[in-house]
Amino acid sequence: MTIKEIDRMIPATRGEASRRRERRSVVKPKRWKRYEAAIIGTGAVVLFLAVWQGVATANQTAKWMPPFFLPSPTETAEAFGKLFTDPRQNIWADLGTSGFEFATGYIGASIVGLALGIGMGWYTRFQYALDPFVNFLYATPRIVLVPLFIIWFGIDWQSKVAVIFLGALFPMIINTMAGVRNTDGALLRVARSFGAPETLVFQRVVLPGAVPFILTGLRLGVGHALTGVVVAELVAARHGVGKLISDFGVTFQTPKVFAAVIFIAGTGVVLTWLLQRIENRFQSWRPQIRS
Amino acid sequence: MRRPAKLVATGVVVEYWLARSESIFTAVDGVDLDVGDGEFVAIVGPSGCGKTTFLNAVDGLIPIAGGSLTLDGNELTGPGRDRAMVFQQPGLLPWRTVLGNVLFGVEAQGTMTKAEALARAKQQIEIVGLTGFEDAYPLELSGGMQQRVNLARALLTDPEMLLLDEPFAALDAQTREMMQLELLRIWNRSRKTALFITHDIKEAIYLADRVIVFTKRPGRVKCEIQVELARPRDLRVKRDSKFLAYEDQIWDSIQEEIVKPERLLAGMPA
């Protein structure tokens with residue numbers, strides 16, 4: 001959120017009338033103003049693709065570097081299509097494996113992360129006890145644990161799930177805990193003043209207030225979990241998208257590497273976007289912020 | 001005419017433990033006062049005099065270190081259904097609508113069936129003048145409207161005594177005057193025993209049957225002024241000569257308190 005957006009959320013006056021805020025400007029905005037962000041963004045991407053295509057094509061004649069160094073966007077797109085149509089590729093099996101690992105690890109991390117985060121936020125002593133472990137493991141790149149997990153769980157899905165689980169777990173714990181901790185003191189005082197029992201305070205004041213934080217944790221967890229899948233499979237695996245990229249790489253099939261990377265990035269963007277939508281839905285009570 | 005006492009405070013002391021200097025800080029030091037049944041009492045005093053602390057003690061939010069507090073003869077030891085507070089900060093749940101927030105007080109107390117609470121809440125919303133805004137969210141409301149919700153939430157619990165902690169302090173001058181008028185209109189319906197904290201002398205005289213002036217920290221009762229202005233009062237009362245005389249009297253009394261530290265300093269060797 002930018003300063004401007006925060007500024008817009010703060011009411012300017014305290015009049016008696018209801019103030020559903022609307023965006024204002026001194027002069028009448030030009031019609032294309034609404035689409036400015038989309039136009040400039042798309043333009044930048046198109047420009048980037050054009051330059052990329054130009055450099056890749058020029059390289060094919062000028063031979064500054066071996067052609068497999070830099071496939072052109074069209075080659076990448078072609079490879080992308082082939083990934084899904086070539087019957088020898090059997091990409092669906094790899095997607096299934098990676099998808100299963102991702103889902104298991106991510107859902108597991110959500111359940112455990114929310115439970116621990118809520119516990120640590122609500123019970124200070126529980127937090128004191130777990131803080132050293134959370135800080136230690138959060139600061140450690142979880143990738144260094146992959147060799148250990150392979151020893152413990154083998155190179156099949158179990159070791160991948162463990163990496164994904166640990167990767168997604170910490171942003172969820174930390175955000176959930178922050179959300180529970182962040183409860184407005186004024187609201188707690190009101191609840192106490194009316195003699196609300198602890199369970200009611202938790203259910204109706206603390207938890208709803210923590211929802212935006214929890215959803216942010218879940219969204220950040222997606223990125224960590226995706227990294228976990230790919231990296232764990234890159235190290236050692238029989239199937240999966242990471243394994244696929246590794247195979248393409250060692251056989252110098254760069255267009256396919258590019259295609260697979262774009263596919264993974266796309267998955268991340270879509271999942272994050274979905275969770276962002278859910279987050280926005282849960283914040284309908286906030287004054288409208290345009291992104 | 002003295003009404004039977006509802007709230008009785010005798011020698012109430014409230015202390016805070018200051019963690020940094022590891023010392024005890026006395027905020028309220030021996031407050032004696034009583035509030036009669038159906039009486040509207042306002043406490044004024046210089047800022048930081050412990051008047052809000054005293055009110056929090058009456059509400060049971062903070063424990064007292066000495067003395068006693070009774071309501072209808074029952075010792076007050078914690079929050080209870082017999083009191084409801086209207087806070088300075090509205091303290092509304094931002095994810096709940098006006099209706100949901102008005103219901104929160106009775107919901108927390110768990111004393112009313114849902115259907116009854118809903119019916120009464122709608123009535124209460126009408127009384128505080130928020131009809132048509134039942135489904136609005138707090139962030140869509142102005143400060144004055146948020147305080148109406150705050151008031152409705154407290155009134156819905158139908159307490160024996162209403163506690164108001166500078167509820168209009170954060171509002172602009174015009175809205176504040178309107179809200180004072182509104183509060184009196186609403187209060188007139190039930191004539192509930194009320195204890196109102198403010199630093200605004202005019203507000204205290206306008207609203208109350210009796211104004212109690214606190215000394216500067218640690219807070220004690222300095223003096224009491226019986227306000228003999230006929231009810232119902234409209235805003236013109238504020239220009240009445242009697243009103244102005246009360247104002248002068250209270251202002252002089254508070255001024256003595258504010259000037260104190262300078263006298264102290266003047267008496268000290270340079």
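**View 1. Chain A is built from helices.** Chain A has eleven helices and zero strands, where helices are DSSP runs of H or I with at least four residues, strands are E runs of at least two, and numbering starts at the N terminus. Reading along the sequence gives the pattern α-α-α-α-α-α-α-α-α-α-α. This is a predicted model, in which local features need pLDDT of at least 70 and side-chain atom pairs count only at pLDDT 80 or more, while totals for chains, interfaces and linings use all residues. Residues are numbered from 1 along each chain as its sequence is written, with chains lettered from A and ligands numbered from 1 in the order in which they are written. Of the 291 residues in chain A, 30% are buried; a buried residue has 20 or more other C-beta atoms within 10 Å of its own, an exposed one has 12 or fewer, a partly exposed one falls in between, and the C-beta atoms are placed from the backbone. Take the chain A contacts between residues at least 6 apart in sequence, and 73% of them join residues at least 24 apart. Contact here means that the C-beta atoms of two residues, placed from the backbone, lie within 7 Å.

**View 2. Domains of chain A.** Chain A splits into domain 1 (24–70) and domain 2 (81–281), with bounds that come from an automatic or database domain assignment. Between the C-alpha centres of these two chain A domains there are 32 Å.

**View 3. Helix α9 against helix α11 in chain A.** Two packed helices are described by the angle between their axes and the distance between the axes. For α9 (residues 198–235) and α11 (residues 254–281) of chain A, the angle is about 170° and the axes are 9 Å apart. The axes are lines fitted to C-alpha atoms, for helices over the stretch in contact, and the angles run from 0 to 180 degrees between N-to-C directions. That makes α9(A) roughly antiparallel to α11(A), given that angles over 145 degrees count as roughly antiparallel, under 35 as roughly parallel, 65 to 115 as roughly perpendicular and the rest as oblique. On the α9(A) side, look for residues including Pro212(A), Leu215(A), Leu218(A) and Val222(A); on the α11(A) side, Ile264(A), Leu271(A) and Leu275(A) are among them. By class, the residues of this α9(A)–α11(A) contact are ten nonpolar, six polar and two charged. Ala, Val, Leu, Ile, Met, Phe, Trp, Tyr, Cys and Pro count as nonpolar, Asp, Glu, Lys and Arg as charged, and the others, Gly among them, as polar.

**View 4. Helix α3 across helix α11 in chain A.** Helix α3 (residues 73–85) of chain A packs on α11(A) at an angle of about 75°, with the axes 8 Å apart. So α3(A) sits roughly perpendicular to α11(A). From α3(A), the contact uses Glu75(A), Thr76(A), Glu78(A), Ala79(A), Phe80(A) and Leu83(A). Facing them from α11(A) are Pro255(A), Lys256(A), Phe258(A), Ala259(A), Ala260(A) and Ile262(A). The tally for this contact of α3(A) with α11(A) is eight nonpolar, one polar and three charged.

**View 5. A glycine in helix α4 of chain A.** Gly121(A) belongs to α4 (residues 91–122) of chain A. Gly121(A) counts as buried because it has 22 C-beta neighbours inside 10 Å. Not counting residues up to four places away in sequence, Gly121(A) touches Thr176(A), Met177(A), Gly179(A), Val180(A) and Arg181(A). Asn175(A) is 54 residues from Gly121(A) along the chain, yet their C-alpha atoms are 9.8 Å apart.

**View 6. Where chain A meets chain B.** The contact takes 23 residues from chain A and 29 from chain B. On the chain A side, α8 (185–193) and α9 are the elements that give two or more residues. The largest share of that side, seven residues, comes from α8(A). Sorted by class, the chain A side has twelve nonpolar, four polar and seven charged residues.

**View 7. Domains of chain B.** Chain B divides into domain 1 (1–82 + 161–270) and domain 2 (86–158), and their C-alpha centres lie 25 Å apart. Here 16 residues of domain 1 of chain B contact 14 residues of domain 2 of chain B. On the domain 1 side, α5(B) gives the most, with five residues.

**View 8. Helix α1 of chain B.** Nine of the nine residues of α1 (residues 51–59) of chain B are buried, so the helix is largely enclosed by the rest of the structure. Lys51(B), Asn56(B) and Asp59(B) are among those buried residues. After α1(B) comes Gly60(B), with a positive phi near 90°.
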